[in-house]
Amino acid sequence: MKIHRRIPVIRSYFEKRDARRLRALLILGENSEFSGFVDKRAKGASIIVGNDCLIEGALVAETDQSQIQIGNNVYVGGQTTIDCVRSIVIEDDVLISYHCIIADSDNHSALLSIRKKDLADWKQQHKHDWTTAPTAPVRICHGAWIGARAILLKGITIGEGAIVGAGSVVTKNVPPWTIVAGNPARVIRELTPEERAN
Ligand SMILES: CC(C)(COP(=O)(O)OP(=O)(O)OC[C@H]1O[C@@H](n2cnc3c(N)ncnc32)[C@H](O)[C@@H]1OP(=O)(O)O)[C@@H](O)C(=O)NCCC(=O)NCCS
């Protein structure tokens, strides 16, 4: 039986207390806690986390162009994956629940002739031609709340203060101060002035 060579996850981080290793992978602001997982797959990638955050999920930076920017007072729940090829921006006071997926790329081409080569490439030390996959930046604006198991696809902006219901698949921009839910996510109502008050 062929023994497959495991690719060491040397750029990944598990141990909460190893601040030196963590700081080699990302910039972590004051009073922020990190008990999640960083997978920085390219040296030029940039991961910046602001102040007063709690990050329990996974931050994955795929390419030298990947930029994950997280503002202040942001929560990212356990088992949530933020998978960035180009740009994912999360503004201040955002809550992202557990088991969510936020991705700025489809990762694969719709063309079978291209896609069928992806696995062989990936098995060679995680090589992938990211130019073959549709990619577009994602932004989650100030004060938004993303419910458990939501999926946010490429190119969307979640407006200020908006709420994404549990289990939603967000395929289009979400207007500020609305609640969206379902698959595909649709506006179920606008938030009241009382709910918007800061
Ligand atoms: C969206 C949410 C905030 C509720 O908002 P709400 O304004 O109280 O909405 P309601 O419960 O009155 O529901 C309004 C309609 O939306 C539907 N709806 C509510 N949440 C939904 C969801 N997550 N997915 C699909 N439909 C949903 C309801 O079925 C209802 O439909 P109807 O009008 O056909 O009966 C809540 O349902 C939710 O998803 N919360 C997230 C909880 C979570 O993930 N917690 C994890 C800890 S951070």
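Here is a short chat about how to read this predicted model.

Me: Let's start with the overall build. How many helices and strands are there in the protein?

Reply: There are four helices and 21 strands. The C-alpha trace spans about 60 × 45 × 30 Å along its principal axes.

Me: What does the radius of gyration say about a protein with 198 residues?

Reply: You hold it against the value for a compact globule. For 198 residues that value would be near 16 Å, and the protein has 17 Å, which agrees. Of those 198 residues, 32% count as buried. As for contacts between residues at least 6 apart in sequence, 24% join residues at least 24 apart.

Me: How do I read a sheet?

Reply: Strands of a sheet pair through backbone hydrogen bonds, either parallel or antiparallel. Here, an open sheet of six strands has the order 2-5-8-11-14-17, and its pairing is parallel.

Me: Which strands stand at the edges?

Reply: Strand 2 (27-28) and strand 17 (157-158) do. Each has a single partner strand, so one side of each is left without a neighbour in the sheet. For strand 17, look at strand 14 (residues 138-140): the two run parallel and are joined by two bridges. You can find the spot by looking for Arg-139, which stands opposite Thr-157 in strand 17.

Me: And which strands pair in the antiparallel sense?

Reply: Strand 20 and strand 21 are a case, with four bridges between them. Ile-179 stands opposite Arg-189 in strand 21. The two strands form a hairpin with four residues between them, and Gly-182 in the turn has a positive phi of about 100°. Strand 20 also has a parallel link: two bridges join it to strand 18 (residues 163-164). In that pair, Val-164 stands opposite Val-180.

Me: Now the inside. Which residues in the largest nonpolar core touch the most other members?

Reply: The general idea is that in soluble globular proteins, nonpolar side chains tend to be buried together. In this model the largest nonpolar core has 44 residues, and Ile-68, Ile-82, Val-164 and Val-170 touch the most other members. Strand 7 (residues 58-61) gives the most to this core, with three residues.

Me: What is Ile-82 in contact with, leaving aside its neighbours within four places in sequence?

Reply: Its contacts beyond those neighbours include Ala-58, Leu-59 and Val-60, along with Ile-68, Ile-88 and Ile-102.

Me: Let's follow Ile-88, then. Is Ile-88 buried or exposed?

Reply: The test is to count other C-beta atoms within 10 Å, where 20 or more makes a residue buried. Ile-88 has 26, so it is buried. You'll find Ile-88 in strand 11 (residues 87-90). Leaving aside neighbours within four places in sequence, Ile-88 is in contact with Ile-68, Ile-82, Ile-102, Asp-104 and Val-138.

Me: One last thing, the ligand. Which residues are closest to the ligand?

Reply: Of the 13 residues that surround the ligand, the closest are Ser-97, Gly-147, Ala-148, Gly-165 and Ala-181. Strand 20 (178-181) and strand 21 (186-190) are the elements that give two or more residues to this shell.

Me: How many residues of each class are in the shell around the ligand?

Reply: By class, there are six nonpolar, six polar and one charged.

Notes:
Residues numbered from 1 in each chain as written. Predicted model: local features only at pLDDT ≥ 70, side-chain atom pairs only at ≥ 80, totals over all residues. Pairing = 2+ DSSP bridges. Near = placed C-beta within 6 Å. Nonpolar A, V, L, I, M, F, W, Y, C, P; charged D, E, K, R; others polar. Rg over C-alpha atoms; globule rule 2.2 N^0.38 Å. Buried ≥ 20, exposed ≤ 12 C-beta atoms within 10 Å, placed from the backbone. Contact = placed C-beta atoms within 7 Å. Core = buried A, V, L, I, M, F, W, Y, C linked by C-beta atoms within 7 Å.
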